[in-house]
Structures are given as structure tokens and as C-alpha cells.
Amino acid sequence: MHALALLAASVTVIGATMVITRKVAVHAVLYLVATMLGLAALLVMLGGSFAAMLEIIIYAGAIMVLFVFVIMMLNLGQPDSAREKEWLRPHVWLGPGVLAAIICAELLYCIVPLSDSVPSVVPITAHDVGLSLFGRYVLMVELASFLLLAGLVAAFHIGRNRVEDR
Amino acid sequence: MPVFSFNDTLLLATVLFSVGLAGVLVRRNMIFMLMSLDIMLNAAALVFVGAGARWHDAAGQVMFLLILALAAVETAVGLAIILCLHARGRPTLDADTGNLLQG
Amino acid sequence: MGEILLPLLILSPLAASEILFISAGRISARAVGTVACAGVGLSAVISIVLSVLLLSGPATGLLQATLWPWMHIAGFSADIAFMLDRISMVMILVVTIVGLLIHIYAASYMRDDPGVARFFGCMTLFVASMLVLVLASDLLCLFIGWEGVGLCSYLLIGFWYDNPVNTAAARKAFYMTRMGDTAFLCGLLLLATAVGSLHIDTVLAAVTNGQIAPSALNMAALFILIGALAKSAQIPFQTWLPDAMAGPTPTSALIHAATMVTAGVYLIARLHDLFAQAAPVMALTAVLGALTILMGACTALVQSDLKRILAWSTISQLGYMFLALGCGVWQAALFHLMTHAFFKALLFLTAGAIIVRTHHEQDIFRLGGLRHTMPGLTAAFVTGASALAGLPLVTAGFYSKEMILSGVWPAHFRLTHELTLNGHFLWGMALLGAFLTALYIFRCVFIVFFGKSGTTTRGQTSRLMTIPLGCLCVLSLCGGIIEMPTTFPPLHLFSALLDPAASHSHADEPGWLVLAGAVVPLAGLAVAWVLWGRPSPVMREMPGQAVVIRFARTGEGIDMLYDRLFVQPFRFLTWLTRHDILDYIITGTGRLTRTASTSVLRARTDFLGTLTLWGTSGIRETDRLLGQIQNGRVRWYAAWIAGGLSAGLAMAMLS
């Protein structure tokens with residue numbers, strides 16, 4: 001394997017591990033951005049440069065900004081990180097860690113190694129994706145738009161400032 | 001020989017998924033749970049793109065797009081819920097305090 | 001020419017609507033009225049030009065305009081496409097011309113309302129949606145208009161949203177029509193899967209070629225019929241229309257009398273080739289129509305609210321159209337649709353003018369003697385009432401009703417081999433309905449305009465309001481002479497217009513049919529005169545205590561029936577889910593084991609007792625554990641999902 005690929009993969013995994021172990025939320029967000037960037041590099045190597053761009057623009061850009069905004073609005077402080085520390089004592093990790101490790105092992109066991117290797121990576125361009133997206137999968141696009149609309153309405157409704165309710 | 005084969009992709013995705021799963025299970029703070037969910041979704045998306053590259057099919061990236069939409073909706077609604085709970089005067093973001101569905 | 005004018009016909013009211021919505025609150029009421037009238041007026045001019053274009057072409061010619069392809073996927077395609085043929089020509093003329101008259105009237109009627117821009121925005125949007133509905137050459141495109149008119153109806157019924165009663169009425173209308181819309185959509189999906197396109201010509205060609213299985217055809221026709229019934233407020237969906245009178249009166253005239261409620265009639269007339277192949281559905285249409293005639297007329301006879309009388313009368317008149325559709329004489333249904341649009345709009349607008357001038361008094365028993373204070377409105381209302389009753393020779397209603405009656409008489413339905421339904425029976429019902437129609441509308445006339453005066457009146461009906469009333473009066477009187485009954489001079493312009501190929505020989509039709517149709521309204525008028533009209537009337541008010549009267553006054557208790565049939569069971573279901581039965585079972589089991597364990601504890605002295613103690617405590621522990629599983633914590637649930645996943649994977653690995 002290429003050294004660059006190894007580097008990106010390790011950035012991704014280590015970033016993800018850091019995300020779930022941080023005590024301060026903003027740090028976790030920054031590590032998550034690093035994870036996304038590593039993943040985007042991997043996607044480029046897989047030939048999906050369009051997907052990589054979307055990963056950076058939408059995930060690392062838009063969704064992470066959402067997180068940052070919410071964390072800013074929540075106004076977390078010193079007591080919160082202390083409480084996080086309280087919640088993250090080692091014995092808490094035991095059960096979930098074992099469960100995740102079991103699933104990881106099982107999934108790895110279930111992967112059937114493919115011996116035939118594809119000669120070279122043929123990039124799948126945005127053009128191909130667009131043709132497929134608005135050809136065979138046009139109904140999927142409609143459904144996704146419904147989903148986004150529903151999410152919009154739900155977020156608006158939940159986040160509405162209900163002065164009269166209090 | 002590609003730089004990053006499909007087997008490696010699956011391996012990485014599995015590890016990433018497990019890390020995310022552990023995060024969901026272990027963290028009590030809802031923001032961290034959402035981030036861990038995003039990691040899991042990314043792992044799934046990675047498999048789709050990898051499979052698309054392996055079989056030269058644009059459908060993989062189409063699925064990646066759909067997962068992106070799903071993640072955006074999930075994050076938006078989740079964060080709206082967090083903000084709403086916070087605005088209602090709930091002191092912590094502890095997911096375990098919301099247990100009204102208790103049997 | 002037609003390709004440009006057809007979209008423009010819809011675009012003109014749509015543009016007016018957009019302008020009004022965007023500029024709401026910034027321009028004066030006068031400007032609002034001008035913009036709305038200009039939008040609809042332009043569209044009326046275009047529709048006249050289009051009609052001239054269409055009529056100057058060949059008899060079977062039509063104008064088409066395909067704007068853009070909507071969706072093309074494997075096995076199905078739909079376009080945004082419009083088509084003008086002779087059926088839709090009649091409809092666009094009715095919609096735009098009656099719409100224009102009502103808009104002119106409303107410009108004066110709604111002048112002082114603070115929400116006038118919103119009102120006219122909705123009204124022009126309604127006209128645009130109705131034109132989409134009428135012109136669409138694709139059923140899916142038609143569905144856009146179908147939903148659009150439903151939306152505008154909802155918005156306008158709840159126009160004065162300060163009053164919860166109005167919003168409740170709006171919601172009721174929306175829900176009731178929505179049920180029909182769902183059925184309509186089901187019918188469309190059936191047709192789409194069978195044909196692969198919802199283009200009306202394609203569908204009808206497939207039907208006539210026998211490409212669709214009879215069962216699918218019948219189901220599709222039934223579903224479409226249900227949609228039409230709900231839109232047109234026929235049995236069993238009739239309850240929303242009387243409540244819809246909560247909206248402003250021009251709304252009632254335009255949407256709930258002249259155009260939107262006739263959308264169902266138009267739809268079935270449009271698809272008459274499809275319905276002709278579905279004989280059971282046709283019979284059902286005819287029977288429901290006939291029942292609705294009688295029910296609407298009987299209910300209108302005991303109402304005391306002026307607008308509600310007119311609403312029930314609309315339901316009853318729509319019943320005539322459905323009866324005609326069911327008997328296959330769709331030309332008669334369209335003819336009645338047209339004349340009904342004229343005289344019912346006239347009646348509603350006159351009623352609105354009366355209500356405004358009598359300080360919003362709608363109870364007919366508190367009105368009275370208006371003949372002296374407002375002679376012009378009296379003349380207009382009597383004209384409309386005569387047309388509604390179908391007084392022979394001088395009114396439009398007579399000719400259209402006569403056409404329906406003579407079409408119903410020879411109809412017969414073969415339901416099964418033994419069971420046939422004869423048209424004579426339905427004819428009798430329709431004739432009885434005609435009698436009742438004359439009775440209830442002249443009851444209203446005599447109580448409101450004759451007798452001693454009840455209320456004080458004010459002001460004068462403005463010029464802007466009298467012009468549309470005058471036009472509608474003329475149309476109500478003369479709009480019918482383009483189609484004569486068979487025994488009269490052979491003048492069949494309307495049916496020749498719609499169906500140039502059809503012959504008009506009803507040789508087997510007895511001459512006394514026309515006579516009966518002419519005499520019955522006069523008889524109704526005479527009875528109404530005896531009962532309510534003479535200087536010392538037989539009765540002022542129906543005896544209210546009689547059970548049957550009270551029953552009829554509440555609309556035959558259908559609302560209550562629906563409440564019992566649908567609302568209460570639903571409430572019960574929600575109650576059930578709120579008080580979770582499984583929860584009770586688990587709690588009950590726990591309580592049972594606890595009781596058992598305490599009773600066993602009492603007898604724990606002996607060895608057996610101790611053994612059972614272990615047993616019961618074990619059960620209790622299990623119960624507690626099971627209870628703990630359901631602890632309401634998201635993380636635990638996630639952990640259980642993960643555990644299940646790992647167990648499933650393990651099974652997959654081992655197998």
C-alpha cells in the first residue's frame with residue numbers, strides 16, 4: 001500500500017478515536033474535521049474525487065459549522081468538561097469497548113477477501129454521477145428532497161422559540 | 001495495483017464503524033453521540049464509494065450523496081433537539097436524563 | 001396561436017395572484033380589486049378568443065400546448081401539457097366569465113376588509129388552479145389543479161381565521177376532500193400501472209381498446225368516482241359544503257357553487273368513455289346522485305340560514321349532474337353545470353348583498369318584507385330562484401333540468417343477469433326532487449321578501465355590485481334556450497357543440513315527460529305559496545319539535561354518524577396507545593408475582609415454602625431485570641441494537 005494512503009487511513013482512525021475521547025466539545029469537532037479530511041483524501045485515492053469534494057464542502061464545511069454554532073450557543077464551560085471527565089472514567093469504557101471490539105472482529109471475519117485486483121483506479125467523475133443520479137436514481141433524489149424538507153420543517157418546529165410555553 | 005484496494009477499504013470502514021459505535025455507547029453527552037453517529041455514517045459511505053470504485057459504478061457515489069443528505073438531516077434535527085432541551089432550562093446535555101420512556 | 005394563448009390563459013390570473021400576495025398591505029383596496037379583475041378579465045378575453053379559434057376549426061379539432069416534460073421514467077411518463085377541446089371550452093368560459101363577474105362584485109363587497117389583498121390573491125390563485133384542472137391533458141397535471149383548488153378552498157373558507165368556527169369548517173372541508181383525493185390518487189395509480197401514461201387520450205384509447213382488465217377498470221373508475229364525490233360534496237361526503245359557507249359570500253358563489261364543486265362532474269364527463277365501460281360504477285353514480293338530490297332538497301327545506309339553504313341546494317343540484325353522468329348523458333350534466341353556475345352564483349351574490357344590507361342577518365325568519373326596501377335585489381333573487389326551480393320556458397334551469405330528465409328516463413342498468421335497475425325509477429326520484437326544489441326555494445323567497453318586514457336595512461347596493469347581478473340575471477334567464485327539449489323546435493346547439501356526431505332522436509320518448517317536468521316546479525311554487533306566501537300563511541316556521549325535522553335540520557345526523565364511526569374509534573385507538581396494553585400486562589404480571597410471593601412468604605416455614613420462595617424471588621428478579629431493560633435510556637437501546645447485531649453476525653458466522 002502506498003505510504004500516502006497509509007497516512008490518510010491512520011489520520012482517519014486516530015482522528016475518530018480522538019473524537020470519542022475528548023472532554024471539550026470544540027476539540028472533538030476539530031478532530032472530526034481532521035477525520036473528514038483524511039477520509040476525503042482516501043476517497044480521492046478511490047477515484048471518487050467528486051465524493052471527496054462533497055465530503056469536504058458539506059461534511060467538513062457545513063455540518064461541522066452547525067456543530068460549532070450549537071456548541072457556541074450552548075455556552076459550555078469549565079464545569080462541563082469536569083463533568084465529562086467524571087463520565088469518562090476507565091471502567092465506563094469496558095462494556096461498550098468490548099461490544100464494539102466484538103462487532104469489529106465479527107465484521108472483519110465476515111469480509112470475504114477479494115483476490116482479483118482491479119488493474120487501475122478509473123476515476124468516476126461528477127459527470128457520471130450526475131447521469132446516474134438524474135437518470136436511474138431520480139426517484140431517490142425526490143425522496144432525499146422529501147427527507148431534507150421534513151428535516152427542515154422538523155428542525156424549524158423543534159427549534160422554534162416558544163415563549164408562551166414556558 | 002491500486003493504491004488502496006477494496007479489502008483495505010472494508011478494513012478501514014469496519015474499524016471506523018466500531019470506533020463510532022463505541023463512541024455512541026460510551027458518551028453520555030448528546031453532542032458527542034451525534035458526532036459518533038456521523039463517524040458511523042461516514043464509514044458506511046466509505047464502503048459505498050469503495051464498492052463503486054471496485055465495480056466502476058457511479059451508483060456508489062450516488063449512495064454517498066444520499067447518505068450525505070441523511071447525515072445533514074440527522075444532524076440538523078439532532079442539534080435542534082439539543083438546543084431546544086437547552087433552551088428549556090435542562091442543566092446538562094446528559095442523554096441518560098431523558099428517560100421518560102422508561103418501562 | 002393556441003400554443004401561446006393556452007398558457008397565457010392560466011398565467012394571467014396566476015400573475016395577478018402573485019402580485020397581490022407580494023404587495024399585500026402595500027396597495028389600496030381599490031388597486032387590489034383592479035389587479036384581480038384585470039387578471040381574470042384578461043383570461044376571460046383569452047378564453048373567448050380561444051373558443052372562437054376552436055369553433056372555427058374542424059368539429060373534432062383541439063388546441064394543444066405541451067409546456068415541458070414532467071417526468072420520464074421506465075414504464076411511466078407525464079408531461080405538463082394543456083389541451084382545449086369542446087368540453088373544456090365550456091368549462092373555461094364558465095370559469096372565466098362567471099369568475100370575472102364574481103370578482104367585479106367582490107371588489108366592492110370586500111372593499112372594507114383589512115385582508116382584501118389576501119382574499120383576492122387566493123381568489124385569483126383559485127381561478128388559475130381551476131383553469132389548470134380544466135385544461136390539463138394529463139391526469140397527473142389535472143391533479144395539480146385538483147389539489148390547488150382544494151387548497152384555495154381551504155384558505156378562503158378559513159379567511160376570517162379569528163373565529164375558531166371558521167377554521168374548523170376550513171379544516172373539515174380540507175379533510176373531507178382529502179379523503180376523496182387519496183382515493184382519486186389510488187385510481188390514478190391503478191390507471192398508470194395499467195396504461196403506463198396518464199395522458200387522457202392515451203388512457204381513453206387504452207380503455208376503448210380493451211387494454212385494461214375489467215376488474216382494474218372498475219376499481220379505477222370507483223376510486224375516481226370517490227374522488228369526484230368528495231370534491232362535489234355528494235353522499236357520503238356532503239357534510240363539508242354547508243359548513244364551508246363560513247367563508248366570504250363571493251367565495252361561496254365562485255368556489256362552492258359555480259366552479260370547484262363541479263370539478264367532480266367535469267372529471268367524470270371528461271372520462272366518460274372510461275366510465276361507460278364500468279357499468280356498476282355508472283349505476284352507483286346514478287343512485288348516489290338521485291339520493292343526494294332528495295337528501296339535499298329535504299334538508300334545504302328545513303334550514304333557516306339563508307346561505308345554508310343555498311349550500312344544500314347546491315348539493316342537491318350537483319346530485320342532478322351526477323344522476324345525468326350515471327345515466328350516460330354527460331352532455332346534459334355539463335349543460336346543467338353551466339346553467340347552475342349562472343343561477344347559483346346569482347343567488348349567492350344576491351344573498352350576499354342582502355346580508356350586507358341587513359347588518360349580517362342570515363336567519364330567514366328574522367328577515368322579511370324585503371320586497372319593499374330592496375326591489376332590485378328581490379327581482380334578482382326571484383330570477384335566480386325561478387331558474388333554480390326550473391319554471392318552464394322562461395328560465396335556463398328548466399331546459400337543463402329537462403335535458404337531464406329526458407336522458408334519465410330511457411336509461412337502464414344491468415347490474416347482474418337478473419337484477420336490472422330501471423331509469424324510470426330514478427326519473428321519478430329526480431322529478432320529486434324538482435318538486436322539492438321549487439318548494440324550498442320559494443319558501444325562502446316568500447319568507448324573506450314577502451310578509452311583514454323584520455329588520456332594518458341600510459345603504460344602497462353599490463353600482464359595482466349590481467352590474468354582475470344584472471349580467472347573471474340575463475344569463476340565468478336566457479342561457480338555456482340554446483338547447484331545446486325534443487318536442488320543441490329542433491334547436492340543439494349545446495349538444496351539437498359538444499358531440500357533433502351524435503344524433504338527437506329520442507323517438508321513443510313520450511311527450512308527457514316534458515309536460516311533467518314543466519308542471520312539477522309550478523306545483524311546488526303553488527304549494528309554497530299556500531304554505532308560506534299568502535297574507536296569512538299556513539305556517540311561518542316548520543314545527544321544530546318533530547324528530548324528523550330536527551334530524552333533517554342537522555343534516556341527517558351524518559356528522560354525528562361520522563363522529564361515531566370514525567372519530568370515536570380513532571380516539572379509542574389513540575387512547576389505547578397512550579395507555580399501553582403491553583405495559584399493563586407487564587405491570588400486571590409483576591403485581592401477580594408479587595402477590596403470589598407474599599402469599600407464599602407467609603407459608604415459608606416448611607421446606608417446600610422455602611423452595612417456592614426461591615422460585616418466586618427468581619421470578620421477581622427476572623421481572624425486575626426485564627423492567628430494567630426498558631429503562632428509557634438511548635445509550636442502552638443503542639447497546640441492545642449493537643448486541644443484537646453482534647449476535648446476528650455470530651449466527652451468520654457459525655452457520
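Author: Contact here means heavy atoms within 4.5 Å. On that basis, 81 residues of chain A are in contact with 72 residues of chain B. This is a predicted model, in which local features need pLDDT of at least 70 and side-chain atom pairs count only at pLDDT 80 or more, while totals for chains, interfaces and linings use all residues. Residues are numbered from 1 along each chain as its sequence is written, chains are lettered from A and ligands numbered from 1 in the order in which they are written, and side-chain values use heavy atoms, with hydrogens and water left out.

Reader: What is the area buried between chain A and chain B?

Author: About 6800 Å² is buried between chain A and chain B, and carbon and sulfur atoms give 79% of that area. Buried area is the accessible area (1.4 Å probe) that two parts lose on being put together, summed over both.

Reader: Which elements of chain A give two or more residues to that side?

Author: They are α1 (3-21), α2 (25-45), α3 (49-74), α4 (78-87), α5 (90-110), α6 (126-133) and α7 (138-159) of chain A. The largest share, 13 residues, comes from α3(A). Helices (H or I, at least four residues) and strands (E, at least two) are DSSP runs, numbered from the N terminus.

Reader: And by class, what does the side of chain A that touches chain B have?

Author: That side of chain A has 61 nonpolar, 11 polar and nine charged residues. Ala, Val, Leu, Ile, Met, Phe, Trp, Tyr, Cys and Pro count as nonpolar, Asp, Glu, Lys and Arg as charged, and the others, Gly among them, as polar.

Reader: How many salt bridges are there between chain A and chain B?

Author: The count between chain A and chain B is zero. A salt bridge is a side-chain nitrogen of Lys or Arg within 4 Å of a carboxyl oxygen of Asp or Glu.

Reader: Now chain B by itself, please. How many helices and strands are there?

Author: Chain B has three helices and zero strands. Of its 103 residues, 64% are buried, where buried means under 20% relative accessible area, exposed over 50%, and partly exposed in between (1.4 Å probe, protein chains only). Among the contacts in chain B with a separation of 6 or more, 61% are between residues 24 or more positions apart.

Reader: Are Asp85(C) and Arg270(C) buried or exposed?

Author: Both Asp85(C) and Arg270(C) are buried. Another salt bridge links Asp243(C) with Arg308(C), whose closest N and O atoms are 2.8 Å apart. Asp243(C) belongs to helix α9 (residues 240-243) of chain C and Arg308(C) to helix α14 (residues 306-326), so this pair ties together parts that are 65 residues apart in sequence. Arg308(C) counts as partly exposed because its relative accessibility is 28%.

Reader: Where do Glu621(C) and Arg624(C) lie?

Author: Both lie in helix α26 (residues 607-629) of chain C, three residues apart, about one turn of the helix. Glu621(C) is partly exposed at 39% relative accessibility, and Arg624(C) is partly exposed at 43%. Elsewhere, Glu147(C), Arg178(C) and Asp181(C) are joined into one network by salt bridges that share partners.

Reader: A change of topic: which residues touch the most other members in the largest nonpolar core?

Author: They are Leu274(C), Phe275(C) and Leu426(C), in a core of 214 residues. A nonpolar core is a set of buried Ala, Val, Leu, Ile, Met, Phe, Trp, Tyr and Cys residues joined through side-chain atoms within 4.5 Å. A second, separate core of 73 residues includes Ile63(A), Leu74(A), Val49(B) and Ala53(B).

Reader: Lastly, why does Val132(C) count as buried?

Author: Val132(C) counts as buried because its relative accessibility is 13%. Val132(C) is in helix α4 (residues 116-135) of chain C. Not counting residues up to four places away in sequence, Val132(C) touches Ile10(C), Phe82(C), Cys141(C) and Gly145(C). Val132(C) and Phe82(C) are 50 residues apart in sequence and 7.8 Å apart in space, C-alpha to C-alpha.
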